[in-house]
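Hi,

Here is the model I promised to pass on.

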Amino acid sequence: MEAGLVTPAPALVRFSGIQKTYDGEHLVVKNLDLDIRKGEFITLLGPSGSGKTTTLMMLAGFEVPTQGEIYLADRPIKNMPPHQRDIGMVFQNYALFPHLTIEENVAFPLSVRKINKAETQARVKAALRMIKMETLAQRRPGQLSGGQQQRVALARALVFNPQLVLMDEPLGALDKRLREQMQLEIKQLHETMGITVVYVTHDQSEALTMSDRIAVFNDGIVQQIDRPDALYEHPVNSFVANFVGESNVLAGTVETIEKDYCRVALAAGGSVMARAVNIAGAGASTSLSVRPERIAIIPDGASSDGPNRLPAKVQNTIYLGDHALAVLDVAGNAEFMVKLQPGAHDSLRHSSLRPGENVFITFRPEDCLALDPV
Amino acid sequence: MTATSLTGANALTEVPLKRRLRRAERTRQVKALALVLPLLVFLLFTFAGPIAGMLWRAIDDREVRQALPQTVAALASWDGKDLPDEKAYAALASDILAARASGTIAIAAKRLNYALNGFRTILTSTARNLKAVPEPGTARETLGKINPAWRERTTWTTIKDAGGPVTGFYLLAALDLTRNVDGAIVAAPPDQAIYRDVFGRTFLISLGVTVLCLLLGFPVAYLLATLPPGRSNLLMIFVLLPFWTSLLVRTCAWIVLLQSKGVVNDSLHWLGIIDEPLRLIYNRFGVCVAMTHVLLPFMILPLYSSMKAISPAYMRAAASLGAPPLTAFLRIYLPQTLPGIGAGGLLVFILALGYYITPALVGGAADQMISYFIALYTTETANWGLASALGAVLLLATILLALVYGKLVQGQQVTGGMKN
């Protein structure tokens with residue numbers, strides 16, 4: 001994996017052979033080995049039920065691993081109660097104490113640590129200044145908006161300088177605009193304070209925006225851990241390719257393999273050259289994955305120079321402001337998406353594509369990944 | 001504001017808008033009123049009416065005025081310093097004769113006897129021995145001869161005090177107070193001064209039962225609020241089970257359990273823990289046990305509803321912020337249950353204040369609560385005035401408590417229940 005090439009910072013958290021089952025029949029987390037480096041922003045990304053939240057809860061101490069050990073700064077913490085772990089946590093529904101003011105909420109972790117009054121006051125003030133909410137210190141959580149509440153929750157989780165901050169879908173309850181703004185704020189806090197953040201989300205764009213590394217979970221297994229760009233450009237399997245970003249899938253069979261590339265015969269006829277990423281060998285079935293923005297549409301009859309050229313039928317076009325999507329029928333996939341950049345293909349604006357029109361698509365072999373069959 | 005700077009034009013359009021809003025709302029309001037009207041009427045007749053009646057009876061005092069109208073009128077101008085004049089004696093003599101004929105003398109005698117022990121004898125003996133209206137000017141002498149009590153100032157002040165039409169006599173009596181011969185408010189004689197004790201006892205038992213209910217109910221409510229739905233529903237049925245049996249049956253069951261040859265004593269004896277049966281019933285212990293059992297659901301349900309609203313995320317958040325379980329409970333969980341504790345406590349306390357059957361059946365003579373005496377005066381001795389006065393004092397105390405509770409809850413919302 002790519003991550004292995006980077007000189008690793010010392011691991012702050014190490015999951016070692018972690019398994020977790022709730023009912024004694026199904027493993028929610030299957031054999032998790034994961035290192036989290038000091039100072040990094042790592043996101044656990046996956047669909048619901050993939051085991052990402054369970055992993056976070058085991059780290060926080062609210063769930064006990066069925067097998068394996070978790071080390072925090074080289075100390076085993078499997079049997080350490082949550083309040084001794086020194087891990088700050090931000091919850092999806094903020095979990096601000098409703099009977100305390102904002103100031104009292106932020107002071108809570110300091111007061112349970114018996115920190116003297118003067119220092120508590122100074123640190124609470126600094127924390128509230130950090131989130132630009134000094135003026136609302138005497139309010140109750142119920143009097144704040146969702147975004148403000150989440151900021152307070154953030155301040156509360158950071159004010160006691162924990163070794164590690166966990167965030168469990170913290171922006172899930174906010175609207176899109178606010179969510180994007182908070183993503184930047186959290187990212188900024190991470191960079192200025194140098195904290196280690198473990199972030200759980202099912203929103204892949206959020207993961208791509210914020211993370212240093214992303215661990216993609218599915219079915220209790222980490223599918224891939226990598227930098228966001230590597231994850232997007234070099235997914236190791238079909239699940240990652242489809243979950244992170246948009247992807248068009250074409251089913252086919254591997255005919256020949258030449259070094260890093262292979263020729264794939266499509267199930268619906270025709271063949272393309274693709275990068276051989278995750279295939280069993282010649283004769284094996286495979287799923288091809290092509291990103292919508294790596295495809296060009298050329299009019300019927302026009303010539304092209306690449307090896308990959310497939311006939312397509314326009315189904316529909318969708319206008320999205322900064323770009324447009326063409327929905328095509330390509331080799332049996334009736335939801336084949338092609339992203340049209342405004343200005344990029346003047347002759348092929350979305351408005352010029354008529355439903356039912358026959359066109360061709362081309363893409364480079366290096367943009368077409370041959371992955372495990374779906 | 002911009003609205004005011006736009007001069008009168010805006011104000012002109014605003015009034016019709018408000019009126020239109022009112023008109024639009026009116027239908028809705030009428031519908032809402034129609035929905036609550038049956039209950040409102042019902043409550044007026046069964047609740048507000050009787051309470052107003054009771055409060056009125058506590059100060060209503062017209063029995064003597066009706067039986068001895070001339071006397072009461074004659075005494076109206078009397079200063080009470082000396083014996084009244086001949087006119088009053090003559091009026092009394094004529095009143096007594098008239099009342100004897102109409103049969104109202106016994107009612108007046110009963111009322112006067114409340115205020116002065118032995119008055120019944122004075123009045124009835126006078127009525128018996130007074131043959132005819134005395135010659136003018138001899139009334140004082142005649143009555144004094146029949147019963148020397150007519151020469152006492154106390155006898156006359158008693159009649160004047162009972163002349164009505166309203167009196168503070170019953171209310172004072174309910175607080176162990178009385179008026180002396182000079183009209184000053186003084187402590188009642190020791191043999192009549194029992195109600196302060198009874199009120200004290202009533203409040204003490206109610207408070208004890210409330211605390212017991214809280215201690216026993218809190219863990220159960222917590223369990224109910226945190227168990228998975230299936231098991232929580234089962235537990236809830238057990239909590240509500242007592243409501244399905246009559247209060248009388250449950251109280252009698254406690255008698256069976258707790259009496260000296262009862263299940264508890266027999267078991268303890270059989271286990272060799274005791275030699276003599278313990279006295280578990282017809283005392284304060286039995287009253288508290290039985291009342292706690294009956295009132296427990298009223299504590300558990302409000303507690304449960306307040307706990308159900310507390311998200312488990314709060315305790316997790318507290319733990320992740322470094323609070324050990326006990327700290328998290330005391331500083332995060334408990335304060336959020338305070339509304340439930342307050343509501344449950346107030347409910348149980350107020351219900352306990354009015355408890356009658358349970359203490360009457362399982363309590364001893366020294367454990368009878370105020371409602372026992374209210375029932376005694378209404379059903380046995382027909383002293384409606386005193387029964388109503390006791391009820392009025394109890395009602396007043398309860399309202400005061402509810403107001404104090406309201407203030408406390410409100411204050412908590414404004415200033416915050418906890419300080420760091």
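Of the 374 residues in chain A, 42% count as buried (20 or more other C-beta atoms within 10 Å of the residue's own; 12 or fewer is exposed, anything in between is partly exposed, and the C-beta atoms are placed from the backbone). Before going further: this is a predicted model, so local features need pLDDT of at least 70 and side-chain atom pairs count only at pLDDT 80 or more, while totals for chains, interfaces and linings use all residues. Residues are numbered from 1 along each chain as its sequence is written, and chains are lettered from A and ligands numbered from 1 in the order in which they are written.

Chain A overall

Chain A has eight helices and 20 strands (DSSP runs numbered from the N terminus: H or I of at least four residues for helices, E of at least two for strands). Along the principal axes, its C-alpha atoms fill a box of roughly 80 × 45 × 40 Å. Among chain A contacts between residues at least 6 apart in sequence, 67% join residues at least 24 apart; a contact here is two C-beta atoms, placed from the backbone, within 7 Å.

The chain is divided into domain 1 (2-239) and domain 2 (246-371), with bounds from an automatic or database domain assignment. The centres of these two domains of chain A, taken over C-alpha atoms, are separated by 38 Å. Four residues from domain 1 and six residues from domain 2 make the contact between them. On the domain 1 side, that is two nonpolar, two polar and no charged residues (Ala, Val, Leu, Ile, Met, Phe, Trp, Tyr, Cys and Pro count as nonpolar, Asp, Glu, Lys and Arg as charged, the others, Gly among them, as polar).

From the record, an unreviewed UniProt entry puts "domain: ABC transporter" at residues 13-244 of chain A. Positions are in the numbering used here, feature names are shortened, and annotations may be inferred rather than shown by experiment. That span is 36% helix and 25% strand, and its end C-alpha atoms lie 25 Å apart.

A:N31 sits in strand β2 (residues 27-37) and has a positive phi near 50° despite being a residue other than glycine. With 15 other C-beta atoms within 10 Å, A:N31 is partly exposed. A:K132 is not a glycine either, and its phi is positive at about 60°. You'll find A:K132 in the loop between α3 (117-130) and α4 (146-158) of chain A, where it is exposed, with 11 other C-beta atoms within 10 Å. For background, most residues other than glycine have a negative phi.

A:L184 is in helix α5 (residues 176-193) of chain A. It counts as exposed because it has 11 C-beta neighbours inside 10 Å. A:L184 and A:M210 are 26 residues apart in sequence, yet their C-alpha atoms are 7.5 Å apart in space.

The cores

The largest nonpolar core has 109 residues, and those with the most contacts inside it are A:L166, A:V198, A:V216, A:A274 and A:A370. (A nonpolar core is a set of buried Ala, Val, Leu, Ile, Met, Phe, Trp, Tyr and Cys residues joined through C-beta atoms within 7 Å.) A second, separate core of 48 residues includes B:Y170, B:I370, B:F373 and B:L390. Back in chain A, and leaving aside neighbours within four places in sequence, the contacts of A:V216 include A:L45, A:L231 and A:F243.

Where A meets B

The contact takes 24 residues from chain A and 19 residues from chain B. On the chain A side, β6 (87-90) and α2 (102-112) are the elements giving two or more residues, and α2(A) has the largest share, six residues. By class, the chain A side divides into 15 nonpolar, six polar and three charged residues.

Chain B

The domain assignment gives chain B domain 1 (2-58), domain 2 (63-164) and domain 3 (195-415). Between the centres of domain 1 and domain 2 of chain B there are 55 Å, taken over C-alpha atoms. The unreviewed UniProt annotation "transmembrane region" covers several stretches of chain B, including 32-56 and 346-366. Residues 32-56 of chain B are 100% helix, with end C-alpha atoms 33 Å apart; residues 346-366 are 67% helix, with ends 25 Å apart.

Finally, helix α19 (residues 370-380) of chain B has B:I370, B:S371, B:F373, B:I374 and B:Y377 as its buried residues. They lie on the same side of α19(B) because they cover an arc of only 160° around the axis, judged by the directions from the helix axis to the C-beta atoms. B:T379 and B:E380 are exposed on the other side.

Cheers
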